[in-house]
Amino acid sequence: MAARTLYEKVWDQHVVRTYGDGSSLLYVDRHLVQEVSSPQAFAGLDQEGRKIRRPEAHLAVADHAVPTRLRHLPLPEGLASSQVSRLVANCRNHGIRYIDMRDDRHGIVHVIGPELGFTLPGATLVCGDSHTSTHGAFGAIAFGIGASECECVFATQTLRQRRQRTMRVWLTGRLRAGVTVKDIILAFISKVGTDGAVGHAIEYAGPAIAGLSMEARMTLCNMSIEAGARVGMVAPDETTFAYVKGRPLAPTGADWDAAVSSWRALATDAGARFDREVALDVSALAPQVSWGTNPGETAPIDGIVPDPSSEPDPVRRAKMERSLRYMDLTPGTALRDITIDRVFIGSCTNGRIEDLRLAAAVVSGRRIAAGVEGIVVPGSATVRLEAEAEGLDRVFREAGFEWRNSGCSMCVAMNDDRLRPGERCASTSNRNFEGRQGQGGRTHLMSPAMAAAAAVAGRLADVRELGPIA
């Protein structure tokens, strides 16, 4: 058999049938369900009188619209209340496990899936959310789907799909102090563009991967979608197995041993061919911050706002001009001179315990700058409880942050956490398009450490220049 990539191996294991047009019927192992994308899918099932083929293969939670404070109170009447109650009713009627927002297992789908062991290496996993690519950190083929596709998975546990081209991102070197995995992925997107990986499944590999935690690998894969890819993956290794072992829904006993044996075989074969290769030396990176309205419009913190007039491509030049108008920025402005109003630490990109530890270390013994508001939103209740056990909540509160309950929060303006028009936010989330965090809001993407530094400085700041970090 010819040498195969990780993506090709997992794909081949899940093909039920191939068609003459080059597409395949793919078996789906896992489906994460949330309140925004599922109503139409459930309605379609009910209209046709269909049942869920494998209820145990689905896990549901409300995360996008739920409030992150006053969680003990009933949801006020409105869209969020309607979405959550409909999800609860649909899960009850169809026998799907639902995690209540007051449950200690609650959280963002892409955080709790791995925490519970619902996400497993070598699996196919889908969700009605584009950042489902997160789960590829475990060596799974994971991607976002639409409402009609959700209905298809409910009814048949399969999807008709086309195989993606393959891209390998080869990471070398060691991260310098103050530089994190968020800087790697922002630098990569800046390098290839937001359409640079369209039609590709990315595999992140190379010497730098071995030293990354599972939380860091999830951040990498989470933002693959921002480079245009549908899938981002990392081959499972000892770090993966150690993370998964003992999770509530993970295999146990002899099943665990058999699973690990099969997962080890998923690594890309020597000599396997990729359609595209990109190399990045992470030791050369500085902390990154976005200046525009997509993650590709990013620069090192010691840089300046670029001048569109120096861009020869007229389409890109027009896009840069529009971004600067929306962001209210002037070419040539030092990024460090950009003041902020709000700070958001959380999301499925950077709301895990490792992220909160990084941010807490920066703000420990310090205070948020006058006039700046900051919130910290753990990605799950499990993360929240772990952080509180370590005293991180106290560190954030003493620094002037609000400490919230789990949820998508200010990553997307579908709840009460949003920017006011004209406000500028240092955010650890994954998207910064116009209005993403609230109509008229201006978002600068960065790592948790950099967001914490911005909170303390009251402007975009280089965390490496703050002095000793606790």
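1. In this predicted model, helix α13 provides the largest share of the lining of the largest pocket, namely 5 residues. The volume of the largest pocket is about 310 Å³. Besides α13 (353-363), the elements that contribute two or more residues to the lining are α6 (181-192), α8 (214-222) and α16 (448-457).

2. The lining of the largest pocket comprises 23 residues, and those nearest the pocket centre are Gly178, Val179, Thr180, Leu358 and Ala449. Sorted by class, the lining of this pocket holds 13 nonpolar, 5 polar and 5 charged residues.

3. The residues lining the largest cavity are Tyr7, Trp11, Ile141, Phe143, Gln161, Arg162, Gln164, Arg230 and Val231. At least two lining residues come from each of α1 (6-14), β7 (141-144) and β8 (158-162). The cavity lining consists of 5 nonpolar, 2 polar and 2 charged residues.

4. Turning to the interior, nonpolar side chains in soluble globular proteins tend to be buried together. Here the largest nonpolar core contains 77 residues, and Leu171, Phe188, Tyr204, Leu220 and Trp263 have the most contacts inside it. Helix α6 makes the greatest contribution to this core, with 8 residues. Another core, of 51 residues, lies apart from the largest one and includes Met320, Ala360, Leu392 and Met446.

5. When neighbours within four places in sequence are set aside, Tyr204 contacts Val169, Ile185, Phe188, Ile209, Leu220, Cys221, Ser224, Gly232, Met233 and Val234. Two of these partners, Phe188 and Leu220, are also listed among the residues with the most contacts inside the core.

6. Is Thr428 buried or exposed? Thr428 belongs to the loop between β18 (424-427) and β19 (442-445). Because its relative accessibility is 0%, Thr428 counts as buried. The Thr428 side chain comes to 2.8 Å from the backbone oxygen of Gly346.

7. Not counting residues up to four places away in sequence, Thr428 touches Lys182, Phe344, Ile345, Gly346, Ser347, Thr349, Asn350, Met446, Ser447, Pro448 and Ala451.

Technical notes: Residues are numbered from 1 along each chain as its sequence is written. This is a predicted model: local features need pLDDT of at least 70, side-chain atom pairs count only at pLDDT 80 or more; totals for chains, interfaces and linings use all residues. Side-chain values use heavy atoms; hydrogens and water are left out. On a 1 Å grid over the protein atoms alone, a cavity is a set of points where a 1.4 Å probe fits but cannot get out, and a pocket is an open set with protein on both sides within 12 Å along at least five of seven lines; lining residues have an atom within 4 Å of a point. Helices (H or I, at least four residues) and strands (E, at least two) are DSSP runs, numbered from the N terminus. Ala, Val, Leu, Ile, Met, Phe, Trp, Tyr, Cys and Pro count as nonpolar, Asp, Glu, Lys and Arg as charged, and the others, Gly among them, as polar. Grid points are joined across faces, edges and corners, and a volume is the space filled by probe spheres set on the points. Buried means under 20% relative accessible area, exposed over 50%, partly exposed in between (1.4 Å probe, protein chains only). A polar contact is a pair of N or O atoms within 3.5 Å; within protein, one must be able to donate a hydrogen and the other to accept it, and residues adjacent in sequence count only if both atoms are side-chain atoms. Contact means heavy atoms within 4.5 Å. A nonpolar core is a set of buried Ala, Val, Leu, Ile, Met, Phe, Trp, Tyr and Cys residues joined through side-chain atoms within 4.5 Å.
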